[in-house]
Amino acid sequence: MTLGFYPGCSLKGSSREYAESVLAVAKAFDIDLEEIHDWNCCGATAAHNMNKELSLALPARILSLAEKQGLTEIVVPCAACYSRLTVTKHELAKDPELKIAVTDANNLPYTGSVNVLNIIQMLDKYITPVLAGKVVKPFDHKVACYYGCLLVRPHEILNFDREEDPQSLDVLMLKAGATPIDWAFKTECCGAGLSVSRTSSVGRLSGKIIGDAKDRGAETIIVACPMCHSNLDMRRDSINEYLGEKVDIPVLYITQAIGIALGLDRKALGLQRHFVKVSV
Amino acid sequence: MSKIGVFVCHCGENISATVDCAKVAETAGNWDGVTFSVDYKYMCSDPGQSLIKNAITEKGLTGVVVASCSPRMHEPTFRKACAEAGLNPFMCEMANLREHCSWVHEKGEATTEKAIDLVRILVEKVKYNHELTSIKVPVTKTALVIGGGIAGIQASLDIANTGHKVILIEKDPSIGGHMSQLSETFPTLDCSQCILTPRMVEVAQHPNITLYTYAELESLEGFIGNFKAKIRKKSKSIDEKLCTGCAQCTTKCPVKKIPSEFNEGLGKRTAIYVPFPQAVPNKPVIDRKNCTYYIKGKCKVCEIVCPTGAIRFDQEDQIVEVEIGAIVIATGFTVKQPDFFPEYGYGKHADVITGLQFERLASASGPTLGEIRRPSDGKVPEKIVFLACAGSRDPAKGIPYCSKICCMYIAKHAMLYQHKVHGGKSYVFYMDIRAGGKQYEEFVRRAIEDDGVNYIRGRVSKIYEKNGKLIVSGVDTLLNAMPVEIEADMVVLATAGVANEGAEELAQKLHISYDPYKFFAEAHPKLKPVETNTAGIFLAGACQAPRDIPESVAMASGAAVKVAGLFSKDELTREPIIAVVNRQAPPVYSSCVGCFLCVSACPYQAIEKEEIKNRNGEVIKSVAKVNPGLCQGCGTCVAFCRTKSIDIQGYTHEQMYTEVMALLNEY
Amino acid sequence: MAEFEPKIVAFVCNWCTYAGADLTGTSRIKYASNVRIIRFPCTGRIDYMLLLKAFDEGADGIIVSGCHPNDCHYTSGNFHARRRWIMFRSLCNFTGIDTNRIKFSWVSAAEGAKWADIVNATVKSIRELGPYTEYKKVAKYPEKEVNHG
Amino acid sequence: MNIDKRLVRKDSLEKLFDILKQNSKKIYAPSEKNGKITFRDAENFKGISTGYIQTTQSSKDITFPRAEKILDYSKSKEGMSVKGIDLKEIPEIILWGVRPCDANGIGELSSIFNWDYKDEIYNNRLSKVTVFGFSCNKSDEYCFCTSVGGNPGNTLGSDILFTRMGDDGDYLAEILTEKGNVIVSIAPQLFEKSENSEKEKYLAEVPVRFNHEEIKNKLDKFFESKEWIEQSLRCLGCGACAYVCPTCACFDIQDEAHGKKGSRVRCWDSCGFSHFTIHTSGHNPRDAQSQRWRQRIMHKFSYMPERLSVYGCTGCGRCSRACPVDMNILENLISIQEVTI
Amino acid sequence: MVDLIKRAKELIESSSVKVVIGYEQGTGNKTRALFVENSEDADKLIFDSRCIQNLAAYITKKEIKEKGKMAVAATLPVMRSIIQLASEFQVTDANILVLGITPESKLIEFGNLAEVEKFVHQYEIEIDVRNKEMLDKLEKMTQPERWQFWIDELAPCFKCYACRAACPMCYCSRCTVDFNQPQWIPVPSTELGNLEWHIMRAIHLTGRCIDCDACYNACPLSIPINLLTKRMLLDAKEHFGGYQPALKGEHLMSTYKPDDKENFIQ
């Protein structure tokens, strides 16, 4: 089976391990991920603050290319990309005039027929039904599933999971053999927008997240967004400074955790690329 | 030949701002059959009505078209004016130039053109109007009150005191409603039970009131003055006549851990129970879902201990049929439960409670006997946070409206807390303080200024538990959106007041309409707040929208007056907008061929079979006949009849056909 | 050339859609002025022949609207109407009458905005369809001399 | 009187059609739809039906249309203005392929429209019609023209009567009127001198089935007969017989109002309909189907000969063929003749 | 039909019924209705495949009703019509005896209408292949094509109302076309008058038509007007599960279901 694949910038750079683990898990289930040719920036997160048409034209071009390539369903692992692509589909379906303007700007036909899946939806649809039989090493840890802001919001457009208390990652991890903990910071802001500009703020915001996870006994934090991962992993020094202690709970992408449960090669999952050593 | 008068209203500037009223009147004046046409500032005003009346008498008008607002607004006004001038009121029609034209279109020729069209439609229609006589129907002078909360109690007493019979039905085992659950009431802080219980007793003892508790409306048919209701008396499993209310059974019942509805789950009750000590009637019912006998087939402790042998395990639901003339709906409201708010703990923190639960904690008759103790461990909370607008005014939660009572009861709660827990700290997160009402604002100021309640203007984003504390994470918008975190021991959510579950179903049973939030719709938001669109059915209290006690009581008394007014006459005059099957001279008698398919099409079983007989009493023909008492004038039969033998007065074939013709042709 | 202004006749029930259109007015929501409302007590009263008469006399489009299912003031008038509409619309379709020109809707007394949307959408779609010349051609009999069959 | 008889070659008929068309003549000729043959505006010769015994409908539609506007009106404050139809607008029409019984019917119909009131519109239409009669060389059991004074080669009513000489033969054209001569003058080359002018042997045989004089005399005393009830029991009271009949002339006047404007339309009606005679009071003098059936027969065989000196029946047999319940007029007339009063 | 003749004679001679309605040889090759009121006439009774006129049309006719109790030689469509008429209170056990003729041309006498109903219900109302094809063809046309099809087909109609007269369900003493205050259907047989007449007829027969083709067979111009009622029959099946005439049934168009499905109401 073949699915379209839109990696976006993070998965080609700072979050290469996310891309590696996505591809590794897909491969384990005989799913071919076909990258969209000549893809461009999705516009996250700044474009929609500057120019609405541009912010829609960028994702629309990606979707148009996918259509052109004959893809009917694409996987978008990055939560920000997923949000932009889905919002674009919604806006263009709602406003035919805007659709014409955007299509004209891109000079590419756009029908809106491509189905956009985030990583959880992809796993749910194609992997969960056959996961149980393939788990060789249950991920037997207490995990804090962290969803961040873009995966579930805005709810009326994405229509994915419960916006205040999402459950989908927890359910997935339960199936991978983990024990998801009940905690308070599932959708709290990690400070992504300030990741580069104000690292101290990131330390405080992400610190609260890590702190609560730690207090409730989490052994691993599971994420599905490169920004979340960067902040919780890369900014651990600032975080620890804020917390006033050294917390070394690793942060794993959902695909890495599942990959471990499947017994895939740790290197293939990119576990070595993390700042906080993956001890699990 | 028709002599029609056309009266074009400016409605101040409401119509004339976008419609050229003078042109409308002038154009209409040129039509065939229009003998008088005029425009005027306010047709509904006294001089406006005089204008119509004078024209009727002076010009000998045979029909009147008032082109003004919606007929749903002023049709009765203008019809009455016509009648006063000696014209049959049903010779008056209204063209809706305001709601359907001037208010919805921009100023311009097209809008005036439309106004002219609308007037022409009615001018041509009125040419085919017939003089009609109102229908008189007898009135059954018994009222049905649905719901035994304060509104239902007040309505029942007020009606009963005018000398009319009342049947009050209550779905729970006792009357009292939400008010009986309250601790104190704002703004006077008098004890709710103390002021309510005497009224409950009065209801029970009133010779004009028949009380059915544990009973619900099964079905309703009929019409104003002549309803027939079926009431389902749910089985209480006891013989009420024998039961003395001695409480032997409730004391001995071994099933003791059922969450008490009356205590909002904070206390426990038995399987055979009286919901609260002051209940009326003070006789128990068996909760069959939780009773060991009904679950396992044995126990019967209550039967053994009952000194009068009043327990009836095999009692069945009873259907009582009653004839009534009017109905007051006072079914009240409910509040959203905490599990509606995942961000506030999703119902998993025992110490995040609703306002109604706090009432029980603060009530002297409550599970803690009036001491404020948190449900989880019974400790007295040192810090307590109240959240206003939990769900209310939040379109994302589907509840964009204000629940109205919360601002006041939160102030009351905080005040009660401060009075009961000395040294305790209380916080209120609010959006706005809505304290409109007599002594309401003063009451809130008292909470803030005298009792030291900390009011924080801002929303709470999240409540989570940490180290045994509830972390209330919010923002203070008066401090430049500064994030605020309070480590509280208990949180009270002023959860939104919403329509009862099943409100929709009840509305459908009663044939009344409801708003998007399932609150029952009043006939007019300002001028008919206690009427529904269905004649003879009235509203009282929070079933119409969130209401506080004074408002509920006022509405109830208002509804009671409406009922009493209805009952003040032996006969009721109804609009003659009903269907009629044609009758012709012999040998045809009627064009009806007697297929009687209309009988099944009629929603009111109003069509009967009539046998036309000759002088020897032999049946010549069977034809349909409409019972004018039952017909409500929907016209479903009219559109259905193949031979066009049924017509509906006021919306006849000729009238409706003419309207279509008039709309699309020049006259 | 001036834009084609379609003539649209609306057949509505008194209790829901007429009241809903009143609410559109009280809410001051603007909509296209091409529609003229004819008030019926109930959708159950709306005779399908009147719809054809509207086309006969030159209407380009028709709106038929009443209470949502279960909300009928008369309990079931709209249910009866719905069944008739299903069959009538199908027959229209079979005889080649353009059913795109007949818009059926439920608009409650609380849906003032929906009424405006329905009207605007209908005006827009009828404008795209153009005048109903097919029917007009057949209907303008008096212009024609004789019918020999 | 000497009739101008010409020979028209069998393949000249098409040429004649084409020449007339080239001369912008409107030609109504029998054509087929759903197995039924009716006079329709003929575009080309190929579409014209041949070989039929009789068309389903008569040709009366051309002079007495099923629906015919007779005036327009409009109302205003000043009063009513009325505009009649422009008689000059009535087109000239060639009626092609009319059987002699139908052509004969034109005279019968005209006598109704010119009895007390001379119907201007009808007469105008008639004056603009040129009738091409075609003699019958076939008949069936429903035909009885000979019983009502006609015959399969009857020239009455035709302007030109064509008789085919043999199954695949040429035509003998009898030029009967000035209108006929006009046609000949348009295509003189197609109307050759005729050697053989005997047509009788080519005509169908239609036996005389009853004596119409006898029937008429009998009907005078037959009004109250029970026979009407028995005959009409089967009749469902539709108007098929009247509408296919070449001589039935009942009509209804309808005002088609559209606001202040409107038109008055004359449209066919039938005395067979139960509501035909209903009064405003509800009283219906012909309440039973037997009374209506009686009216139909009496009108054609008693009232018309008495008042107009013509029969209201040409023996074409259409009504019997068209009747959905086999009300056969010939059968019924014979039984009237046989019944003793 | 020796059985039929014998039974008719018995019924007449015993005065069990006043008239037996059946078929006789007509003129040409036609068959036609016969009203047997004495036993000699019974000898004229025939039955064969040409006997397709729906005799139920006579049941509501004043002249026939006045004769008293009748027996009807009823084929399946006639029996269906009788049940439908009974459900519309036009005929009862007191005034009719049904001499059924099965699709296998067997005579079967019914004690009462309930038995007739039971018999009739064994057979679904089904549309024949030729007409089904025609309906499919029309379905595939575009809307303007269908419009033109009907304008052309209905053009010959001169409103003789033979369709109405032959239809057992068109028993109304005053048809809507005869209603003139207001004049719902234009009286002249113009394109509009014809179209609206036939649309109205089809609507009035919706849920009542039992697909006997009497209208089409009666039409002197052979206009396929039965396609309209056939379409309605199929739609009734599609939308509401179809119907069978039933003595105490719920009439399709005078009843409803709260969950009736449609996809066009906004």
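Reader: What should I know about the numbering and the model before we start?
Author: Residues are numbered from 1 along each chain as its sequence is written, while chains are lettered from A and ligands numbered from 1 in the order in which they are written. The model is predicted, with local features needing pLDDT of at least 70 and side-chain atom pairs counting only at pLDDT 80 or more, whereas totals for chains, interfaces and linings use all residues.

Reader: In what order do the 4 strands of the chain B sheet run, and is the pairing parallel or antiparallel?
Author: The open sheet is ordered β2-β1-β3-β4 in chain B, with parallel pairing; strands (E, at least two residues) and helices (H or I, at least four) are DSSP runs numbered from the N terminus, and two strands pair if DSSP finds at least two bridges between them.

Reader: Which strands of chain B stand at the edges?
Author: Those are β2 (34-40) and β4 (92-96) of chain B, and each has a single partner strand, so one side of each is left without a neighbour in the sheet.

Reader: Over how many bridges do β1 and β2 of chain B pair?
Author: β1 (residues 4-9) of chain B pairs with β2(B) over 6 bridges in the parallel sense, and Cys9(B) has Tyr40(B) in β2(B) as its bridge partner.

Reader: Switching topic, how many residues of chain C are in contact with chain E?
Author: 32 residues of chain C are in contact with 36 of chain E, contact meaning that C-beta atoms, placed from the backbone, lie within 7 Å.

Reader: Which element gives the largest share of that side of chain C?
Author: That is α3(C), with 13 residues.

Conventions. Two residues are in contact if their C-beta atoms, placed from the backbone, lie within 7 Å.
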